[in-house]
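Open the model in your viewer and keep the selection panel at hand. This tour goes stop by stop: what to select, then what is there.

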Amino acid sequence: MRLLWNRFRADRSAVFGAVVAGLLVLLAITAPLLTALEGQDTTSFHNDLVDSARGGVPLGGFGGISPQHWFGVEPQTGRDLFARIAEGAQVSLLVAICATLVEVLLGVAVGLLAGLSGKLVDALLSRVTDIAIAFPVTVFSLALLAIVPETFPRPLLVAVVIGVFGWGGTARITRAQALSLRTRDFVAAARLSGASGWRVARREILPGLAAPVITYGALLLPTNLIAEAGLSFLGVGVRPPTSSWGQMLSSATTWFRSDPVYVLLPAFMVFLTVLSFTLFGEGVRIALDPRSTRLSRKAA
Amino acid sequence: MSDVVSVRDLTIDFRTEGGTLRAVDGLSFQLGAGRALGIVGESGSGKSATALALLGLHRGTNATVDGHVEVLGTELNAATDEQVRRLRGSRIAMVFQDPLSALDPFFSVGDQIAEVYRAHTNASRRAARARAVQVLDRVGIAEAARRVDAFPHEFSGGMRQRALIAMALSCQPQVLVADEPTTALDVTVQAQILDLIHELRTETGMALLLVTHDLAVAAGNVDEVLVMQGGHAVERGPAESVLTEPSQGYTRDLVASIPRLDAPRDRPARESPAEPLMRVLDVHQHFRIGSRLTGAKLHAVDGVSLDVLRGEALGVVGESGSGKTTLARMMVRLLTPTSGQILFEGNEISAMPERRLRALRGDLQMVFQDPVSSLNPRRTIGDSIADPLRVRGESDEKVLRRKVQQLLEQVGLDPERFDRYPHEFSGGQRQRVGIARALVLRPKLLVCDEPVSALDVSTQAQVIRLLAQLRTEFDLTLVFVAHDLAVVRQVSDRVVVMRSGQVVESGETDELYGNPTHPYTKSLLAAVPVLDPELARQRRAERGKV
Amino acid sequence: MLGYVVRRLLGAIAVMLAMSAVVYVLFYLMPANPAQLVCGPKTCTADRLAMVEHSLGLDEPLYVQYWHFLSGLVVGRDFSSGPSVLHCPAPCLGYSFQYTEPVLDKILEALPVSLSIVIGAALLWLTFGIGAGVLSALRRGRWLDHAVNVVVLGGFAVPAFITSLLLLMVFCVYLQWLPFPSYVPFDEDPLGWAQNLVLPWIVLALVQLPPYVRLSRSGVLETLTEDHIRTARAYGLTERRVIGRHALRGALSPLITVAAADIAAVLTASMLTETAFGLPGLGRLMVQSVNQIDLPMVVGMTLLIGFVIVLCNAIADVLYAVVDRRVRVA
Amino acid sequence: GGTRTAGGAFDPNTCQGGTLRILNQKDAGSHLDPARLYTSGGGNIPSLLFRTLTTRNRAGGAEGAKVVPDLATDTGQANADATVWTYHLRDGLKFEDGTPITSQDVKYGIERSFAAELPGGAPYLHDWLVEAEDYQGPYKQPAGIPAIETPDARTIVFHLNSPHGDFPYLATATQFAPVPKAKDTGADYEKHPISSGPYKIDSYQKGKSLTLVRNENWSRQVDGNRLACPDRIEGSYGLDAAVINQRISTGSGEDANAVTTDTDLGPSELAQLDSNPELAKRVAKGGFPYTYYLAFDTTKAPFDNQKVREAFTYAVDRQSVVNAAGGSSLAYPATTFLPNNKSMGYQAFDYFPAGQNGDPAKAKQLLAEAGFPNGITVTLAHRSDNSNGDGPAIATAVQDAYKKAGITVNLQSVDAESYPQTVGNPATQPQVSIQGWGADWPSGGPFLVPIFDGRQYIASGGNFNTAHLNDPAVNAEIDQINKITDPAQAAQRWGALDAELGKKAVDVPLYHSTSLRLFGKNVRNAFVSDWTGVYDLSAVSVK
Ligand SMILES: Nc1ncnc2c1ncn2[C@@H]1O[C@H](COP(=O)(O)OP(=O)(O)OP(=O)(O)O)[C@@H](O)[C@H]1O
Ligand SMILES: Nc1ncnc2c1ncn2[C@@H]1O[C@H](COP(=O)(O)OP(=O)(O)OP(=O)(O)O)[C@@H](O)[C@H]1O
Ligand SMILES: [Mg+2]
Ligand SMILES: [Mg+2]
Ligand code: NI
């Protein structure tokens, strides 16, 4: 563990990624606190801060940025943008991280099972994976989000829905990797020691999956962040008045000429998340690989 | 000056994150036109690094080359990239160790040869292709005109090595650098390739720099030998004198550790008659190749019967693809035989379900050929060795650690390296780890599938000594698979010879080696390189006649 | 080869059937009633709704509806249109509630648009993705490598609907270099076709780019360490040839599989792009059909997607075997 | 009001020529079949193809809210109690193929709209015609509907089961367009409906494009309403709203001839209007009569309590609502149910004056009086998207305002497609919901009757009387007004009824929408009438 940390620490861009990602998570966690500090909240309308006759553009420059409203206000409603960005961090990160977790867990489970079982199970699971990949997510999401009762917490549901339809890629990668790993002699050696299939999967195959899965997962995270936006766009994402970056982005399309700040803020947040998590994931992947020679042990 | 290659004070440093590593340290030598120089030495002694330096292949890598390397009048360290490029392939060519990976799998063999030819001449496509056919034909590829469009994977290892030599020949270079050109090949094929190089050399008069860790290979093919150790030249002189009467201690050790067909064997006489520990009765292993519909089958093991007697060491030899590994894997039931029976201590195990088999697993263990693939790169070696114990319910980490460390000591490893990862070990050390893992459950039968073929001679000798020692220590019955007849002879009491999935001959070791009956066994024995250059010449002449 | 084709076909059929069944069940569970939508916003009394349901066959149990659908695939179906009976010939995917046209016709109409978008975009993202990947591999650890990383991620992070509008603004409004995209069939006016589609291509390519950059980067890095590259260098091939011919070939062949899967998926997943540019492709058709609960349409498109996915995978397999001769299609 | 023209003087006699381009988000009506279209006054694009017995007057402002004869020679002759309506067709009417248009064709067109295969049209005929409930259309019952008589080829008589002075308005609907029986292909008819109007279909790809060319068998001699200036009309559907506005405002190339029939200005154009007079000149402002309101079931607690309903009315912040609806250019606050249209009988009133931003104090006080001193919690249903004006934007505006009055609002988002179903079925009707109601013709009748007439309450679904109001006095007044055939007189009474209903606070009017449409640089005569609220395609010219 310590070794891992040392390795990781030596990678400057990974540390940058980790720090930014950490700050984003911190922003999400302390959103209510920071908003209170600003003296605003996420839902209050400010009719006096927007120009009703001009469609509701914020009054004042740069989207209405002022000491009271650090990031300006939302067009039409005049709601505080800082508060909404911070709350959006909460929702978007929760959704994206949970969805990615669901995808990775499901994908690894199915991929492992397919890769390590007999031909029949493999063929069956591979077809199921094909379907999962092929299935038009919109159809599923719209249908499912409509079916599930209103009482189920929405962000969680959105995460699950995205996750449940996005595991195909991970499963495929896992399966391929498992297929290649299982021909290695160390797997044969483990079998010779009398280890059960489950033990072999857990102790011999699983560690070898970390690298490709983490790399892929780091790409999934931003994809999910944007998928949440897509669902918001279709009206089945997180429910208003709760904000999410995706929702802000999709409602921002019409504003990008008259209030560019409104578009740039969430876009920048998404960019930051994508960048930081990709770098972070890459760093973890490298650090996890004992062969990486970033930091050689002089004591050896 | 008639030296085609002249090296003075060559120093090669590799920059790694752990600091600089000096691979070659102040090396000097000359190679005269038409002469052959052998560079020998153990793994890591800097042989390859030196060879690569002759073609300037360290340019643009993490290596720093100091000193003077002059090839055919060009000072490589001062030359421009373009000058070096022109030199490569046309005037000095190189043949690499692994014919499997040295050719680009995506292009046909002819394509690759023609490409090289065109890189150095103004030849048209057509002419280049003709040249490719010509050189392929020259290196003995049958029906070269047809095979010129074949892809590397459609060639056998020997053919691939020939193709690579053909590529080297295409521009008629004056110097050929061959870095372990035959290490990956069977003895019979090795002999053919070495003969070919020899023939070409006498024909074209090119100088040869032969890098090898196999002193016997050097013996028959070079005029002069340079022995390297730790980046230094230890000894240098005519092949005859260096190999037959080495002056340096290191060279003497090296020569001594070479397994020889003619070395005396001091095996303790077995108390006979021993009852069989394992009986293999007419087993077959068929692999399906191609689709289910076309249904072609490969009989990898085709009706093998043999007994493994309790306490003995049984050698299994045969060339690549003869079914040795497949047989070995069936014996430990990593593979289920297609048909036939395997009895272990009287129990039929060939069709035993995995669950019941688990109880027996501890008695049947295996050491694998490839030390790289047989250890999980992401787990520490201690973890890997302790695993079989954990499976058997031992959960006290302290006990595990103690046991494993004890075992590490027994196989000659530093017990403190318990927490290290495989990549931090050398090939020989890794193989020791593999042996430790196989022994941790105190098996009755240990099947070693080419445990030393990936190792250099001195390490090989160590591992073989280790196995012999452990055999008595652990009261082991050993099945020892190898393609190297000399190694098998050293280790085993009895030997079976395999070919195309079948046993062609078997018998007591001394008897079989002294008096082979099957022609295949004879040809195998004839192809083994010998250390005496004079004898090697004789052998070559005999082979030439056949 | 024959066995391969047969197995692939069977696989395709299995996948398609499973997908259509799932869609049927999902839509059955959805609260919205397609008949209600067809019936109209203000006009639907209960008995009128029942009539519409009957005429659409929605009053039958789920399994009967599904059975009709399956048999329609094999023998075709007849639909009442009022005065006459409409016949939907053999591979009948159904009759759209909303378009009152056979589903297959609608799909075949939208297909060229989607194909045009996807093919062009794929060319872009493949060339640029691979180009950037190779470049950053050759300059690994230097600023160019990082720059490529940031730019690619940036393009990825901004959602397609925003990039589309931005590009429209710049190229169609301010610079007026390009017409506002609308679909012009290739065989009518190849140049117009390209001019109209260039922006959608760019947008879609930006979204697809990152995996290709990464894969080709790591692929090149990996192949460069391989022995045959050293051989190529040792035989005096120019660096351009070494990289351009030998390193690339090995690094890129695994991308074939990825690209095939992506192209198949994007064919219907490009709805954001299609919507933003108002192009009548499959993605938009899909969203519209889902929104209008046009069940036959959705099922038909799902089947198509299943087919395309399996087809693309098969093509990738064959192509892979052609590029890498060690692999045999089996 | 209406913007007259842009550029030089418009002369109807020289306006012909050129190609008009329509840039739309959606197809013109989901089905281009006169039986299936649900339009107000015959629609904008459909009206280019389908002539009806009567039609809306093609004139700007209030004049445009009048009914004028189209196929018929007058707007209809009623009997004394307005239950029998007789029409005579003009001379020289022809379909696009040259066959003459007869009263049978009109009758057949109406009968088709009863077929289950062709659903979607307006419901009125079904309810109004004598013994029409069981009629299932000409395919199942070729004998036809007895309530419509065609004594000769030019006369058609309608028998209604109750008085409907509004009938001439109804006769503007596309169901009153003639359909030649020989050309009827049922559900397929929409692919090429036979034109009776100034244009015929050249090509039509549903949801994608529509090209209209001149109908040679139409002329201004037989049609006094449509100018039909462009020679050709090309429509593209499926465009993004922002793109449409951008294209028309930029107006490069062919876009100079462009109009839209379904896209209002977006924020980026609104923001430019002040600084760009050229653009401001090309905006047509109007309002299709439409009202958004909060609906609740007045028979259930707590909304059976007038005080609670009043509190909900006081608490609403209409400025927030208007902003959420797109700002003061696209919406204006509503205190009445009827929109501000003279023809509908609008009378200004505000019985619960709360100013622009609501009166939370008053609301709190009323709630306390009603027995909710600690506030109240309700669930507000809204459509899941904003495109219909009853989506989350409005809901969150209401929610925020109500918070100040101690009303806690839980939002319930209902998926867009099932929203009308959910709200229209008393079994699933949400506690409070955002509703919108528009005019099928510019009269108080279709605006007030479905919402407030107790006999219109439908327990089985498809109900619009969400208040479950069944006030005998209201019902009686409706019956009385229905007998009036003079629009002006009827309007007066409808307005009074609206005011009466307002006092009961059976709903909370939120806002009325207005429309603000751009038209291309070359487009002339883009006037706006009070009926449609948008410019009329049959009148515009690109020359
Ligand atoms: N690219 C490299 N980076 C770092 N160290 C290297 C590199 N290449 C070789 N070395 C190190 O340099 C030393 C000499 O290597 P070299 O390959 O010349 O040995 P060798 O004599 O050819 O051994 P073998 O018989 O195993 O091929 C070894 O210790 C090796 O680990
Ligand atoms: N899993 C498998 N599927 C198909 N063919 C196989 C499989 N394993 C081995 N073979 C084939 O069976 C034959 C025997 O292989 P085996 O590995 O037993 O040979 P070997 O004697 O161990 O050779 P080597 O000396 O190269 O290790 C070879 O032709 C090989 O290609
Ligand atoms: Mg070497
Ligand atoms: Mg083997
Ligand atoms: Ni056999």
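Contact here means heavy atoms within 4.5 Å. The model is a predicted one.

**Stop 1: chain C against chain D**

Select chain C and chain D together. Chain C brings 45 residues to the contact, and chain D brings 51 residues. About 3,700 Å² is buried between chain C and chain D. Carbon and sulfur atoms give 58% of that area.

Now look for charges that pair up. How many salt bridges does the rule find across the interface of chain C and chain D? It finds one. Select D:Lys208 and C:Glu109 to see their side chains meet, at 3.1 Å from N to O. The rule finds two residue pairs in polar contact across the interface of chain C and chain D, both at pLDDT 80 or more.

Stay on the side of chain C that touches chain D, and colour by element. Six helices of chain C each give two or more residues to this side:

- helix 2 (34-39) and helix 3 (46-56)
- helix 5 (103-138) and helix 7 (160-174)
- helix 11 (271-277) and helix 12 (282-291)

Which helix of chain C gives the largest share of this side? Pick helix 3 of chain C: its share is five residues. The side of chain C that touches chain D has 24 nonpolar, 15 polar and six charged residues.

**Stop 2: ligand 1**

Select ligand 1 and the residues around it. There are 14 residues in its surroundings. B:Ser43, B:Gly44, B:Lys47, B:Ser48 and B:Ala49 are the closest.

Show the backbone first. At B:Gly44, a backbone N or O atom lies 2.7 Å from an oxygen atom of ligand 1. At B:Ala49, a polar backbone atom is 2.8 Å from an oxygen atom of ligand 1. An N or O atom in the side chain of B:Glu180 is 3.4 Å from an oxygen atom of ligand 1. On its own, ligand 1 has 630 Å² of accessible area, and the protein covers 64% of it.

Colour chain B by element. Strand 1 (3-16), strand 2 (19-32) and helix 1 (47-54) of chain B each supply at least two residues of the shell around ligand 1. Helix 1 of chain B gives the largest share, three residues. By class, the shell around ligand 1 has four nonpolar, seven polar and three charged residues.

**Stop 3: ligand 2**

Move along to ligand 2 and select its surroundings. Which residues are the closest to ligand 2? They are B:Ser320, B:Gly321, B:Lys324, B:Thr325 and B:Thr326, out of 13 residues that surround ligand 2.

Go back to the backbone view. A polar backbone atom of B:Gly321 is 2.8 Å from an oxygen atom of ligand 2. For B:Ser322, the distance from a polar backbone atom to an oxygen atom of ligand 2 is 3.2 Å. Now click B:Thr326. An N or O atom in its side chain is 2.4 Å from an oxygen atom of ligand 2. Ligand 2 exposes 630 Å² when taken alone, and the protein buries 62% of that.

Finish with the elements. Strand 12 (296-309) and helix 12 (324-331) of chain B give two or more residues to the shell around ligand 2. Helix 12 of chain B has the largest share, three residues. By class, the shell around ligand 2 has three nonpolar, seven polar and three charged residues.

Technical notes. Residues are numbered from 1 along each chain as its sequence is written. Chains are lettered from A and ligands numbered from 1 in the order in which they are written. This is a predicted model: local features need pLDDT of at least 70, side-chain atom pairs count only at pLDDT 80 or more; totals for chains, interfaces and linings use all residues. Side-chain values use heavy atoms; hydrogens and water are left out. Buried area is the accessible area (1.4 Å probe) that two parts lose on being put together, summed over both. A salt bridge is a side-chain nitrogen of Lys or Arg within 4 Å of a carboxyl oxygen of Asp or Glu. A polar contact is a pair of N or O atoms within 3.5 Å; within protein, one must be able to donate a hydrogen and the other to accept it, and residues adjacent in sequence count only if both atoms are side-chain atoms. Helices (H or I, at least four residues) and strands (E, at least two) are DSSP runs, numbered from the N terminus. Ala, Val, Leu, Ile, Met, Phe, Trp, Tyr, Cys and Pro count as nonpolar, Asp, Glu, Lys and Arg as charged, and the others, Gly among them, as polar. A residue is near a molecule or strand if one of its heavy atoms lies within 4 Å of it. Accessible areas come from the Shrake-Rupley method with a 1.4 Å probe; for residues, only the protein chains shown count as cover.
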